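Trainee: I have a model open and would like to go through it with you. May we begin with the helices and then move on to other parts?

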Amino acid sequence: MDDNKLLTLANGDRIRLLRHCAMLFEVFDLQYASPATISRCGMVYVDPKNLGYRPFYDRWVRDKQAKYSEVMGESLNELYLKYVPILIDRIFEGTSGEEILEPMKFITPRTNLNLVQQLTTLIDSMLPEPSDNVPQEVDQLERLYVFCVVWSIGGALMAEERDKFSDFIKTSCGLMLGSSSLYDNYYDMDSKSYVLWDRKVPEYTPPANRKFNQILVPTSDTVRYSWLLNQIMALKKPCMFVGDSGTAKTVTIYSQFKSMSMDKYLVLTINFSSRTASSDFQKNFEENIDKRTFKQYGPKSAGKQLILFIDDLNMPKIDKYGTQQPNALLKFLVERNQLYQRGGDLELREIVDTQYVGSMTPPGGGNNKVDPRLMSLYSCFNITFPTNLAIQKIYASILEKHVTEFADEVKGIVEKITSATLNLYFQICEKLPRTPVKFHYIFNLRDLSRVYEGLTLSTLDKFQTRDSIIRLWRNECMRVFSDRLVNETDRSLVNDQLIV
Ligand SMILES: Nc1ncnc2c1ncn2[C@@H]1O[C@H](COP(=O)(O)OP(=O)(O)O)[C@@H](O)[C@H]1O
Ligand SMILES: [Mg+2]
């Protein structure tokens with residue numbers, strides 16, 4: 001645009017802005033703005049440091065005060081002062097009392113305001129309605145508050161920071177919170193105390209249709225992450241799972257969807273890939289919504305809520321200007337619940353009864369970084385890798401349930417098969433690291449699942465002896481692991497393990 005407000009487009013079209021027109025651009029940085037643009041525009045730079053997160057919290061407290069009582073407002077302020085600034089300073093600046101330590105790291109970039117927003121969301125999701133006997137005094141609220149702090153301010157911290165964070169809270173709060181990590185505990189509203197997540201893990205029952213890809217063995221990880229997802233979704237707010245490939249993000253999210261009433265919800269899953277274009281995404285989404293009233297669009301069955309689940313959200317390729325185009329569109333949609341019609345009259349459409357869930361791998365190691373302004377719209381949780389004990393439990397349960405009707409000889413061996421498989425898997429992870437030449441040496445739970453998928457294809461009539469099932473197991477391990485290895489040395493490492 002030139003000084004006379006004449007905008008010249010790439011195709012030669014010219015648009016003259018009228019005297020009373022002005023354009024306001026909201027940008028993250030000016031990396032791609034030419035000096036000519038910068039010199040013509042009035043720039044307003046807002047440093048997030050100057051505003052801080054307090055005004056946001058104050059406003060939220062005012063809402064709570066109006067909804068519940070004065071006492072509630074005072075308690076929330078008191079708890080805020082006791083925890084929030086101290087913890088945020090510990091994370092971002094590394095200050096611990098007089099000492100200065102390493103700042104803590106997040107799995108995906110988060111700002112202090114994001115954390116406080118997530119905190120208020122979680123508290124909202126846990127507080128009962130005013131008509132039900134709501135705890136309002138500081139001492140009644142404190143444990144609940146600490147629980148919410150852990151899963152908001154500490155929700156997206158790297159796995160190795162979790163213990164440090166939990167210990168820091170314990171030392172600074174002075175409550176008796178038990179010896180286990182705060183991350184391992186759940187706040188039970190009825191008994192007003194902490195209960196280990198382990199206690200909430202239900203017994204595993206195989207899916208009725210015996211489809212392997214629908215198997216989910218409940219573990220404390222799956223239970224707590226689906227609980228968190230459920231809390232955030234109940235408020236119709238966006239929720240994001242961030243974790244390495246093979247940490248069960250997708251299966252956990254699906255199992256949570258499955259447990260929800262399909263009379264009320266419709267789910268639309270879109271898998272993003274490096275080839276997804278923003279028009280693909282928009283087309284796919286628009287096929288799943290209908291016109292309601294003038295300019296208003298919503299899910300195809302009226303009365304239902306549409307859940308848009310974007311899997312692998314960080315996959316789209318980054319264009320020449322550093323943008324992931326489908327994600328730029330997604331940001332517009334999540335932030336405003338609006339979408340422009342493509343072509344036609346470019347009508348601005350309002351999207352109703354839709355909420356958002358996402359999952360992605362953390363940036364780094366070849367994975368794309370996602371625009372922090374998109375991430376800030378979501379409540380984010382770091383999905384940690386299951387512990388060895390949990391992995392053992394998952395696969396032992398799958399096989400044990402599968403062989404319940406098999407001969408005793410076969411039943412007797414399955415425990416050994418599981419420990420041998422895990423042994424093999426851990427050895428491979430340790431001894432065969434990924435290198436530039438062996439860039440496909442990525443081993444995770446998916447591979448274990450492949451072995452077990454093969455094992456669960458065994459049938460009662462064909463596998464009556466110990467040897468037959470061992471032969472099957474060896475074959476599965478060879479196909480899943482050995483066949484991928486590039487040289488004899490690596491292969492013999494695996495094959496030696498298979499001779500038992
Ligand atoms: N609790 C569990 N029960 C059964 N299978 C699991 C469990 N956790 C992980 N898996 C298996 O691990 C693999 C990876 O899970 P997935 O959800 O695809 O990971 P992600 O989406 O995080 O990359 C899947 O094959 C899944 O079957
Ligand atoms: Mg996945």
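Predicted model: local features only at pLDDT ≥ 70, side-chain atom pairs only at ≥ 80, totals over all residues.

Trainee: What is the handedness of the crossing of α15 and α16?

Mentor: The crossing of these two helices is right-handed.

Trainee: Which residues of α15 and α16 make the contact?

Mentor: From α15, the contact takes Asp447, Arg450, Val451, Gly454 and Leu455. From α16, Leu472, Trp473, Glu476, Cys477 and Val480 take part. By class, this contact of α15 with α16 consists of six nonpolar, three charged and one polar residue.

Trainee: Which residues come nearest to ligand 1?

Mentor: There are 17 residues around ligand 1, and Ala248, Lys249, Thr250, Leu445 and Ser449 come nearest.

Trainee: How many of the shell residues are nonpolar, polar or charged?

Mentor: The shell around ligand 1 has eight polar, seven nonpolar and two charged residues.

Trainee: Now the sheets. What is the strand order in the open sheet of five strands?

Mentor: The order is β8-β11-β14-β7-β15, and the pairing is parallel. β8 (265–271) and β15 (379–382) stand at the edges; each has a single partner strand, so one side of each lacks a neighbour in the sheet. On average, neighbouring strands of this sheet are turned by 15° against each other, direction ignored.

Trainee: How many bridges pair β8 with β11?

Mentor: β8 pairs with strand β11 (residues 305–311) over seven bridges, in the parallel sense. Within that pairing, Thr269 stands opposite Phe309 of β11.

Trainee: What about β13; in which sense does β10 pair with it, parallel or antiparallel?

Mentor: Strand β10 (residues 296–299) and strand β13 (residues 348–351) pair in the parallel sense, over two bridges. Tyr297 has Ile351 in β13 as its bridge partner. Strand β12 (residues 338–340) also pairs with β13, but these two run antiparallel and are joined by three bridges. There, Gln338 has Glu350 of β13 as its bridge partner.

Trainee: Which residues is Asp188 in contact with, leaving aside its neighbours within four places in sequence?

Mentor: Those are Ser193 and Val195. As for Leu144, which is 44 residues away along the chain, its C-alpha atom is separated from that of Asp188 by 8.5 Å.

Trainee: Finally, the overall picture. How many helices and strands does the protein have?

Mentor: The secondary structure comes to 17 helices and 15 strands. The C-alpha trace spans about 85 × 65 × 50 Å along its principal axes. Of the 500 residues in the protein, 29% are buried. Among contacts between residues at least 6 apart in sequence, 68% join residues at least 24 apart.

Terms used
Residues numbered from 1 in each chain as written. Chains lettered and ligands numbered in written order. Near = placed C-beta within 6 Å. Nonpolar A, V, L, I, M, F, W, Y, C, P; charged D, E, K, R; others polar. Pairing = 2+ DSSP bridges. Helix = DSSP H or I, 4+ residues; strand = E, 2+ residues; numbered from the N terminus. Left-handed = near helix turned anticlockwise from the far one by under 90°. Contact = placed C-beta atoms within 7 Å. Axes fitted to C-alpha atoms, helices over the stretch in contact; angles between N-to-C directions. Buried ≥ 20, exposed ≤ 12 C-beta atoms within 10 Å, placed from the backbone.
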